[in-house]
Amino acid sequence: MNLLKPPAPQVRPVPRPSRMLKHGERLLEPNVYVADLGGRLAVIKDYSRYRWTLLAPFARILVRREARVLRLLRGWRHAPALLGTIGGLALGMELVQGEPLDSDTLQAAGTQLFQQLRGAVASLHAAGITHNDLHASNILVCGTTPVLIDYASALRTPRWLRSLPLVRQLRRSDLANVFKMQQRLTGEGPTPQQAAALAEPTWVRALRDGWRRLYRVIKR
Ligand SMILES: Nc1ncnc2c1ncn2[C@@H]1O[C@H](COP(=O)(O)OP(=O)(O)OP(=O)(O)O)[C@@H](O)[C@H]1O
Ligand SMILES: [Mg+2]
């Protein structure tokens, strides 16, 4: 046996797309598509165009992080089930039979939808996870149930760090995003108590503006 011979790379081919959901065009954006994964239809988030590039380690981290959060949320009806990772640069998850949150899906689901959504975000936070990218296209309405997708930016904080100002702010920001969607789609804003709980400290506003400017430059 030749011990110097490098082992064959363990690259499982990613499945062939049957329906494209989103072309990754910007930096570290995955291709997202529907494909057959072991006999069942799945959604694949695929970063394999970064294989053999300097960005591959970052793409692997994104896959690992999202898979880890989905694994933690297994069995929760407000998140798709993780089906597995594929070769480190792609992950497969349950295909949610729903449509993004908009005025039509809201009308079909009924006004309880936002109450459910707030409840779902509160449970996520209670599990120590912040989503950090809550907007209408990351919420699929499945019948009357909101399903939160896209955990690429999610953060899981250990229990002993959960009362840090930054982590509290991430939770506040998730809830503020829910209220923004509610305001836009129903015209109903937060109650005065809810608004007071959501108010941002000045240091947060300064940080947020800085990050937004940087993000625009990166994504350009
Ligand atoms: N599990 C799923 N079931 C059904 N549709 C999905 C699912 N996951 C993603 N999609 C669809 O694909 C679109 C893109 O997926 P996603 O939001 O995860 O990617 P992204 O925004 O490009 O990700 P990232 O923020 O990681 O760059 C979603 O807006 C949604 O329409
Ligand atoms: Mg998204």
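Student: Where is Asn132 found?

Tutor: Asn132 sits in the loop between β7 and β8. Keep in mind that this is a predicted model.

Student: Why is Asn132 called partly exposed?

Tutor: Its relative accessible area is 26%. Buried means under 20%, and exposed means over 50%. A value of 26% falls in between, so Asn132 is partly exposed.

Student: What makes the phi of Asn132 worth a note?

Tutor: Phi of Asn132 is near 70°. That is a positive value in a residue other than glycine. Trp52 also has a positive phi, near 65°. Trp52 lies in the loop between β3 and α1 (56-72).

Student: Why is Trp52 called exposed?

Tutor: The relative accessible area of Trp52 is 76%. The cut-off for exposed is over 50%, so Trp52 counts as exposed.

Student: Which class does Gly38 fall into, buried or exposed?

Tutor: Gly38 has a relative accessible area of 86%. That is over 50%, so Gly38 is exposed. Its place is in the loop between β2 (31-37) and β3.

Student: How do you know that Ala154 is buried?

Tutor: Ala154 has a relative accessibility of 2%. Buried means under 20%, so Ala154 qualifies. Ala154 lies in the loop between β9 and β10.

Student: Which residues does Ala154 touch, leaving out those up to four places away in sequence?

Tutor: Ala154 touches Arg65, Val69, Ile129, Thr130, His131 and Asn132. Take His131 as one of them. Ala154 and His131 are 23 residues apart in sequence, yet 4.3 Å apart in space, C-alpha to C-alpha. Gly38 and Pro15 are also 23 residues apart in sequence, but 9.3 Å apart in space, C-alpha to C-alpha.

Student: Which class do Asn138 and Asp150 belong to, buried or exposed?

Tutor: Asn138 has a relative accessible area of 5%. Asp150 has 18%. Both values are under 20%, so Asn138 and Asp150 are both buried.

Student: What joins the side chains of Lys45 and Asp150?

Tutor: A polar contact of 3.0 Å joins them. The limit for such a pair of N or O atoms is 3.5 Å, so 3.0 Å passes. The side chains of Lys45 and Glu66 are joined by a polar contact of 3.0 Å as well.

Student: Where does Lys45 lie, and why is it called buried?

Tutor: Lys45 belongs to strand β3 (residues 40-46). Its relative accessible area is 6%. That is under 20%, so Lys45 is buried.

Student: Which residues come nearest to ligand 1?

Tutor: There are 20 residues around ligand 1. Lys22, Lys45, Glu94, Val96 and Asp150 come nearest. β1 (17-22), β3 and β5 (90-94) each supply at least two residues of the shell.

Student: How much of the accessible area of ligand 1 does the protein cover?

Tutor: On its own, ligand 1 has 620 Å² of accessible area, and the protein covers 87% of that. The shell divides into 12 nonpolar, 2 polar and 6 charged residues.

Student: Last, the whole chain. How many helices and strands are there?

Tutor: The chain has 6 helices and 10 strands. Of its 220 residues, 40% count as buried.

Definitions and conventions:
Residues numbered from 1 in each chain as written. Chains lettered and ligands numbered in written order. Predicted model: local features only at pLDDT ≥ 70, side-chain atom pairs only at ≥ 80, totals over all residues. Heavy atoms only, no water. Buried < 20%, exposed > 50% of the residue type's maximum accessible area, 1.4 Å probe, protein only. Helix = DSSP H or I, 4+ residues; strand = E, 2+ residues; numbered from the N terminus. Polar contact = N/O pair within 3.5 Å; in protein donor to acceptor, adjacent residues only side chain to side chain. Near = heavy atom within 4 Å. Areas by Shrake-Rupley, 256 points an atom, 1.4 Å probe, with all protein chains shown as cover. Nonpolar A, V, L, I, M, F, W, Y, C, P; charged D, E, K, R; others polar. Contact = heavy atoms within 4.5 Å.
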